[in-house]
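Please study the sequence and the structure before reading the solutions.

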Amino acid sequence: MKSVKFAGVGLAMLAWGVISGGAVAQDNFSESHLEAAKAVALETKVLEPFDAILFVMAEQTLSAFTQNDPTRAEEIAEIVEQVALELAPRRAVLNERIFRIWAIAFTEEELIQLAEFYRTPLGMKLRDSVADITAASVEASRDWQDRLSVDIVSMVQEELDKRSAAVTNQ
């Protein structure tokens with residue numbers, strides 16, 4: 001029930017995040033440089049993982065307040081939804097920071113090239129595969145680390161045992 005109620009919060013936050021991304025302040029970047037950064041951020045879908053932040057926080061707040069005063073659950077839900085909707089426009093601030101991060105890392109021309117690449121079939125495949133590739137890479141590194149840990153402990157223990165035996169045999 002509460003998930004459905006806050007679905008509107010998520011949609012509002014998403015709309016504000018994408019629509020108001022153009023309200024980026026100037027600083028040292030030209031508007032076109034920041035627009036190129038925005039295009040890459042949108043093409044790569046790097047903003048998507050942040051879509052649920054406000055929704056999750058609203059759910060957690062609702063749960064905490066409802067646990068403290070269950071008799072006011074409906075009132076609390078109404079207030080949490082209202083406050084979350086008021087906070088949704090703040091998503092644009094996060095988007096602007098992310099656009100600036102991209103603008104710092106790449107020149108405007110590089111960003112234009114990246115956006116063009118991510119619009120190609122190969123770019124879309126890369127964008128859609130990165131999360132799985134990253135997860136598999138992290139898993140592989142953990143497995144490798146676990147094996148390395150066992151080997152290093154075993155090898156050190158083996159060498160210590162050899163040296164202890166050598167001292168004992170003298």
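**Exercise 1.** State which residues line the second largest pocket, and describe this lining by volume, origin and class.

*Solution.* The model under study is a predicted one.

Step 1. The lining of the second largest pocket consists of Thr44, Lys45, Val46, Glu48, Arg127, Asp128, Val130 and Ala131.

Step 2. The volume of this second largest pocket is about 150 Å³.

Step 3. Helix 8 (residues 121–169) supplies the largest share of the lining, namely 4 residues.

Step 4. Sorted by class, the lining residues are 3 nonpolar, 1 polar and 4 charged.

**Exercise 2.** Locate lysine 45 and determine whether it counts as buried, partly exposed or exposed.

*Solution.* Step 1. Lysine 45 lies in the loop that runs between helix 3 and helix 4.

Step 1. The relative accessibility of lysine 45 is 36%. Buried means under 20% and exposed means over 50%, with partly exposed in between. Lysine 45 is therefore classed as partly exposed.

Step 2. Lysine 45 and aspartate 128 both belong to the lining of the second largest pocket. In sequence, 83 residues separate lysine 45 from aspartate 128, while in space their C-alpha atoms are 9.0 Å apart.

**Exercise 3.** Describe the largest pocket by its volume, its lining residues and the elements that contribute to it.

*Solution.* Step 1. The largest pocket holds about 400 Å³ of space.

Step 1. It is lined by 19 residues, of which Leu54, Met57, Val83, Ala84 and Leu87 are the closest to its centre.

Step 2. Helix 4 (53–68), helix 5 (73–87) and helix 6 are the elements that each give two or more residues to this lining. Helix 5 provides the largest share, with 7 residues.

Step 3. The class count for the lining of the largest pocket is 14 nonpolar, 1 polar and 4 charged residues.

**Exercise 4.** Determine how helix 3 and helix 6 are oriented to each other, and which residues make their contact.

*Solution.* Step 1. The axes of helix 3 (residues 31–44) and helix 6 (residues 91–105) come within 8 Å, with a crossing angle of roughly 110°.

Step 1. Angles of 65 to 115 degrees count as roughly perpendicular. Helix 3 and helix 6 are therefore roughly perpendicular to each other.

Step 2. On the side of helix 3, the contact is made by His33, Leu34, Ala37, Lys38, Val40, Ala41 and Thr44. On the side of helix 6, Phe99, Arg100, Trp102 and Ala103 take part.

Step 3. Divided by class, this contact has 7 nonpolar, 2 polar and 2 charged residues.

How values were computed: Residues numbered from 1 in each chain as written. Predicted model: local features only at pLDDT ≥ 70, side-chain atom pairs only at ≥ 80, totals over all residues. Heavy atoms only, no water. Axes fitted to C-alpha atoms, helices over the stretch in contact; angles between N-to-C directions. Parallel < 35°, antiparallel > 145°, perpendicular 65-115°, else oblique. Contact = heavy atoms within 4.5 Å. Nonpolar A, V, L, I, M, F, W, Y, C, P; charged D, E, K, R; others polar. 1 Å grid on protein atoms, 1.4 Å probe; cavity = no way out; pocket = protein on both sides within 12 Å on 5 of 7 lines; lining within 4 Å. Points joined across faces, edges and corners; volume = space filled by probe spheres on them. Buried < 20%, exposed > 50% of the residue type's maximum accessible area, 1.4 Å probe, protein only.
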